[in-house]
Amino acid sequence: MYPRILIDTGKYRDNVREMKKLCARQGLTLMGVTKVFCAVDELVDVLNDEEVDFIADSRIENLRTMETPLPKVLLRLSSKHEVAEVVLHADYSLNSDIDTIRMLDGAAVEKDKKHGIILMVDIGDLREGIYYRKDIVSVAKEIATMQGVYLAGMGTNLTCYGGVIPDAVTLRRLVKVVTDVEEAIGRELEIVSGGNSSHIPLLQEDIHIDKVNNLRVGEALALGRETAYGKLVPGFHDDVFILETDILEIGEKPSVPQGTIGMDAFGKKPTFKDKGVMKRAILAIGKQDVEHTELEPLDSAIELIGSSSDHVIADLTESKTSYETGDVLRFKLTYGSLLSLMTSPYVVKRYV
Ligand SMILES: Cc1ncc(COP(=O)(O)O)c(C=O)c1O
């Protein structure tokens with residue numbers, strides 16, 4: 001059945017091992033992040049076997065069903081509407097809102113659990129976290145008095161919303177806040193989580209940020225890339241996941257529609273460049289599964305020129321292969337395409 005994603009668990013395992021080696025250089029623990037592949041069992045098992053230090057996902061639904069002996073971390077900030085589920089299904093959660101943390105504390109006491117809070121600090125990327133210039137020490141001191149939750153650590157996230165690249169200057173803001181908090185509560189924090197796959201260039205350059213002892217890594221494990229500059233990390237695989245989809249129709253057609261142009265299937269007025277007659281193919285996958293702009297054909301002469309809900313249109317004119325209907329095209333994936341394809345129930349997941 002097509003479309004399908006071929007998932008190479010051996011290559012994923014190699015990436016996990018390489019990442020562990022990179023972390024070990026600076027004595028960092030590793031949270032393996034599973035959200036981009038919807039925490040499928042086969043890859044969770046690899047993280048289990050390779051004994052990463054924590055397993056992390058942004059969705060409670062994934063943490064609830066995940067079978068793992070590893071400590072579980074909720075990566076998205078806890079919701080006030082889910083505190084009971086958070087303390088039941090996660091050992092740690094990332095948080096920035098003291099009201100929510102008070103509710104987590106109440107839920108943990110009620111369920112007789114000890115739940116670790118990782119307090120997030122925003123050091124400039126402007127997504128989650130208490131802004132580093134605000135009074136974080138008083139929040140930390142309050143958490144330190146709680147019974148059901150405890151202040152397990154602090155963390156920051158970069159290169160997500162604002163695209164801020166981790167460097168020693170920016171991360172010094174985190175180090176300063178962590179130092180202030182540790183002084184105020186009179187102990188060292190168990191976890192200081194410095195960032196995600198965008199932190200890898202710092203590891204490669206042997207730049208150690210004082211106090212940082214953990215990374216949360218998803219994309220580099222899945223796609224082999226660091227995310228500060230988007231480069232393949234040496235020794236990592238970028239083809240753990242390959243999409244295969246088949247050709248439903250093939251033939252020569254003009255490149256510009258004929259008739260008065262109104263709207264496309266998504267209410268937008270399309271524009272076209274006249275490239276003469278093209279060899280065009282219709283592929284059995286569409287926007288319901290993936291954005292065609294996020295697919296990289298392994299046959300580099302193929303260009304994907306558009307899509308609707310159930311179809312992608314490909315220009316095969318320059319390809320040296322003479323494709324026919326039923327033939328299967330193969331693609332490498334980006335973070336965006338992997339995320340949506342793994343979430344689509346119409347895409348078969350096949351392990352190799
Ligand atoms: C808070 C947080 N930390 C870490 C990650 C992992 O990021 P990456 O996939 O770039 O390694 C994500 C994204 O999933 C995240 O939201």
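Okay, housekeeping. Residues are numbered from 1 along each chain as its sequence is written. Since the model is predicted, local features need pLDDT of at least 70 and side-chain atom pairs count only at pLDDT 80 or more, while totals for chains, interfaces and linings use all residues.

So, the big picture. The C-alpha atoms fill a box of roughly 75 × 40 × 40 Å along the principal axes. We have 10 helices and 17 strands in the chain; those are DSSP runs, with helices being H or I of at least four residues and strands being E of at least two, numbered from the N terminus. Of the 352 residues, 41% are buried. Buried here is 20 or more other C-beta atoms within 10 Å of a residue's own, exposed is 12 or fewer, and partly exposed is in between, with C-beta atoms placed from the backbone.

Now the domains. There's domain 1, 9-223, and domain 2, 241-351, with bounds from an automatic or database domain assignment. Their centres, over C-alpha atoms, sit 37 Å apart. Each side puts 9 residues into the contact, and contact means C-beta atoms, placed from the backbone, within 7 Å. On the domain 1 side, H9 gives the largest share, 3 residues. That side divides into 6 nonpolar, 1 polar and 2 charged. For the classes, Ala, Val, Leu, Ile, Met, Phe, Trp, Tyr, Cys and Pro are nonpolar, Asp, Glu, Lys and Arg are charged, and the others, Gly among them, are polar.

On to helix H7, residues 168-185. With 18 residues, H7 reaches 25 Å from first C-alpha to last, close to the 26 Å expected at 1.5 Å a residue; the expected span is 1.5 Å times one less than the number of residues. Which residues of H7 are buried? Leu171, Leu174, Val177, Val178 and Val181. Down the axis of H7 they fall within an arc of 110°, so they line one face of the helix. The arc is that of the directions from the helix axis to the C-beta atoms. Ala168, Val169, Thr179 and Glu183 are exposed on the other side of H7. And the buried ones pack against strands E6, E8 and E9 plus helix H6. Just after H7, Gly186 takes a positive phi of about 75°.

Helix H2, 41-49, buries Leu43, Val44, Val46 and Leu47. Those fall within an arc of 150° down the axis of H2, so they too line one face. Glu42 and Asp49 are exposed on the face turned away. Cover for the buried residues of H2 includes helix H1, strand E2 and strand E3.

Last stop, the ligand. How many residues surround the ligand? There are 14, and the closest are Asn196, Ser197, Arg216, Gly218 and Glu219. The cut-off is a C-beta atom, placed from the backbone, within 6 Å of the molecule. Strand E10 (214-217) and helix H9 (219-223) are the elements giving two or more residues to that shell. By class, the shell has 5 nonpolar, 6 polar and 3 charged residues.

While we're at E10, look at Leu215, which lies in that strand. Leu215 is buried, with 27 other C-beta atoms within 10 Å. Among the residues Leu215 touches are Cys23, Leu28, Ser193, Asn196 and His199.

Key: Contact = placed C-beta atoms within 7 Å. Lists of a residue's contacts leave out its neighbours within four places in sequence.
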